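This briefing concerns the pockets and the surface of a protein model. Please look at the sequence and the structure before reading on.

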Amino acid sequence: MIEFKDVNLVYPNGTQGLKNINVKINDGEFVVIVGLSGAGKSTFIRSINRLVTPTSGSLLVDNEDILKFRGKDLRKLRTKTGMIFQNYNLVKRSNVLKNVLAGRLGHTGTLRSIFNLYKKEDVSLAYESLKRVHIDEKIYNRADELSGGQQQRVSIARVLTQQPKYILADEPVASLDPPTSHQVMNYLRKINKEDKITTLVNLHFIDMAMEYADRIIGMRAGEVVFDGPVSEVTEKTFEEIYGRAIREDDLRGGAEQA
Amino acid sequence: MTNPKNSIADKKTIPSIYPTKTKLQVTVIFFVILALYLFSMKKTTEDMVNGLDGALGNMFRVLAKFFPPNFEILKAIWNPMLETIQMAIIATTIAAIITIPLAILSARNVTTFKPLYYITRIFLNLLRTIPDVVLAVVFVGLFGIGIFPGILALIIFSLGILAKLISETIESVDMNPLEAMRASGANTLQMIWYALVPQIAPQFTSLVLYVFEINIRASVILGLVGAGGIGLTLNQQINFYNYPNAMTIIIVIFITVIIIEYISTKLREALL
Ligand SMILES: Nc1ncnc2c1ncn2[C@@H]1O[C@H](COP(=O)(O)OP(=O)(O)OP(=O)(O)O)[C@@H](O)[C@H]1O
Ligand SMILES: [Mg+2]
C-alpha cells in the first residue's frame, strides 16, 4: 500500500511540484494518472521511489515513511518498485539479456554483479520474463538494434526480472505509435492482473486511460483534482482536469487494431 | 494577439546564420592575429645572425655532417629502442588504470558532490600545466638517470591528458540507463559498471591507444634529458659528435613511430 499524507514538493528553483497530496493506492490496483504537461505526474510517480524527494508531509510505502530513507533502505525500497520510462532507458550497446539481468542488480552483491556471476535462477528468471513479453528470440541482440516497441518490451522484462511489488510507468507509450502503444499497455495490464503487482501509469491520452485503468487520478498544477474509479469518469471529468475542452491530440486512437 | 514569429520574414530579407555582432568580432580577431603573425615574422628574421639566408646556410652545413648514416650500430640501438617502447607501454597501462577513478570524479554528471568534482578538476588542471620534460628533469634529479624517472614522468603526463579526455567522454554519455539502474536499487558501483562502462569502453580504448602513440614520441624526448631509452642514446651520440650514428637512431625512431602509429590508427578505426 502507498499512502501520500499532506505531501508537498518544492523544487530548488521554487516550482511547487506537488501541493498537499493525500492519496492512498491499494494493493493490486491499476491506477492511471492524467494531467497536462507540467501538471506534476512525473513528480508524483518519482516521489514513490525517491528519484525526487518531497519537502514535507509523509509518504508511506508498506507502512514505512520512505521520506527519511537513505543508503541501504533506499535501495531496498527501489528493488520493490520497478520503473518503466518513456525512453526505455536501456544500455544501448549491451545485449538484451544483459539489460534484463540488470533488473537483478538490487538483489545481487556488488562483487557478484561486477564479475557477471548471476545465480542460475536469476538468468532463467530473466529468460522467462523475456518470453512473457514475447521478445525471447532477440536475447543476444544489442538493444539499439530493436524497434521502440521492442525496447519497451525489454524494459518491461527488466522490471519483471526485478520481481517488484509496485510498477511505476512514466509515459511508457509516449514515444510509440498507436498499435504498439496498445500492445505495451496490454502487457502492463496483464502483468498487473496475473502477478498482482500494483501499477501506476502516467498517461496523457484519455482514451487509453479509460481503456486500461481501474482508477484515474487527475492532476493539475501539482494538485490532485480528481480521484475515482474509471466508472465515474466522463469526458466532462477530463475537461475539468485539463481545464479546457478535449482535443484530437488528447486521444491515442487505434484501440481496435491491437 | 500579436504574432512576433513573422517579424523576420516581414522585412523580406534573408537572415544570415550568424548575428552581425559575431561576424564583426570574428573579423576583428582574424586581423589582429594576422598582424601578430606578420610582426613576429619580421622580428624573428631581424634577430637571426646574418638574417634568414645565413641561418639556412648554416643548417645545410650541419645537416651534411649527418650523412651517410652509420647502419653498423643498428644492432646496438635495438635494445634502447625496445626500452623506449617498454617505457611507453608501462606508463600508458598504469596511467590508464589510475585515470578511471580520476575521470569519474572529474565528470560533472556522475560526481554530483560538487567539492569532490572541483578538487579533482583543479588537481588534473595542475598536472597538465607541468610540461613532460620538466617532470623528467625533476625525476631524473630525484632518482638518477634511467627508465624509472622516465616512466614516472610519462605516467603523470599521460594522466593529465587521459583523465581530461575520458571525463569529457563520461560527461557526454546517455544518463537514462544510469537512472533506470538507480531506480531498480543498484548501488553506485553497479550503475557505473553496467550503464556507464559499456558506453565509454570503445572511446576509452581508443584514447588509451592515442596516448600510447603520444608517449612513444614523448619518451624519446624524455630520454634526451636522461630518462632512459633511445633518447638517452641519441643524446650521447650527439654529445660525442657522432652524427652518422645519431642519424641512424633518428631513422630508426622515425620508422618505429610510423609503424606504431599505423597499427594504433587501424586498431582505433576498428573500435569506433
Ligand atoms: N528538476 C526540476 N527542477 C525544477 N522544476 C522542475 C523539475 N522537474 C520538474 N519541474 C517542474 O515541476 C512541475 C511538474 O513537473 P512534472 O515533470 O512532474 O510534470 P508532468 O506532469 O510529468 O509533465 P509532462 O507531461 O510534461 O511530463 C513543472 O512545472 C516542471 O517545470
Ligand atoms: Mg512527466
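This is a predicted model: local features need pLDDT of at least 70, side-chain atom pairs count only at pLDDT 80 or more; totals for chains, interfaces and linings use all residues.

Residues are numbered from 1 along each chain as its sequence is written, chains are lettered from A and ligands numbered from 1 in the order in which they are written, and side-chain values use heavy atoms, without hydrogens and water.

**The largest pocket**

- The largest pocket has a volume of about 580 Å³; a pocket is an open set of points on a 1 Å grid over the protein atoms alone, where a 1.4 Å probe fits, with protein on both sides within 12 Å along at least five of seven lines.
- Its volume is the space filled by probe spheres set on the points, which are joined across faces, edges and corners.
- The pocket is lined by 23 residues, and those closest to its centre are B:Val110, B:Thr112, B:Arg182, B:Thr188 and B:Met191; a lining residue has an atom within 4 Å of a point.
- At least two lining residues each come from helix H2 (71–79) of chain A and from helices H4 (74–105), H8 (176–183) and H9 (188–224) of chain B; helices are DSSP runs (H or I, at least four residues), numbered from the N terminus.
- H2(A) provides the largest share of this lining, 4 residues.
- The lining comprises 12 nonpolar, 6 polar and 5 charged residues; Ala, Val, Leu, Ile, Met, Phe, Trp, Tyr, Cys and Pro count as nonpolar, Asp, Glu, Lys and Arg as charged, and the others, Gly among them, as polar.

**The second largest pocket**

- The second largest pocket has a volume of about 260 Å³.
- Of its 14 lining residues, B:Ile100, B:Ile104, B:Ile192, B:Trp193 and B:Val197 lie nearest its centre.
- H4, helix H7 (147–171) and H9 of chain B each give two or more residues to this lining, and H9(B) gives the most, with 8 residues.
- By class, the lining has 14 nonpolar, no polar and no charged residues.

**Residues in chains B and A**

- B:Ile259 is located in helix H11 (residues 243–271) of chain B.
- B:Ile259 is partly exposed, at 46% relative accessible area (buried means under 20%, exposed over 50%, partly exposed in between, with a 1.4 Å probe and protein chains only).
- A:Ala143 lies in the loop between helix H5 (120–132) and helix H6 (148–162) of chain A, and counts as buried because its relative accessibility is 1%.
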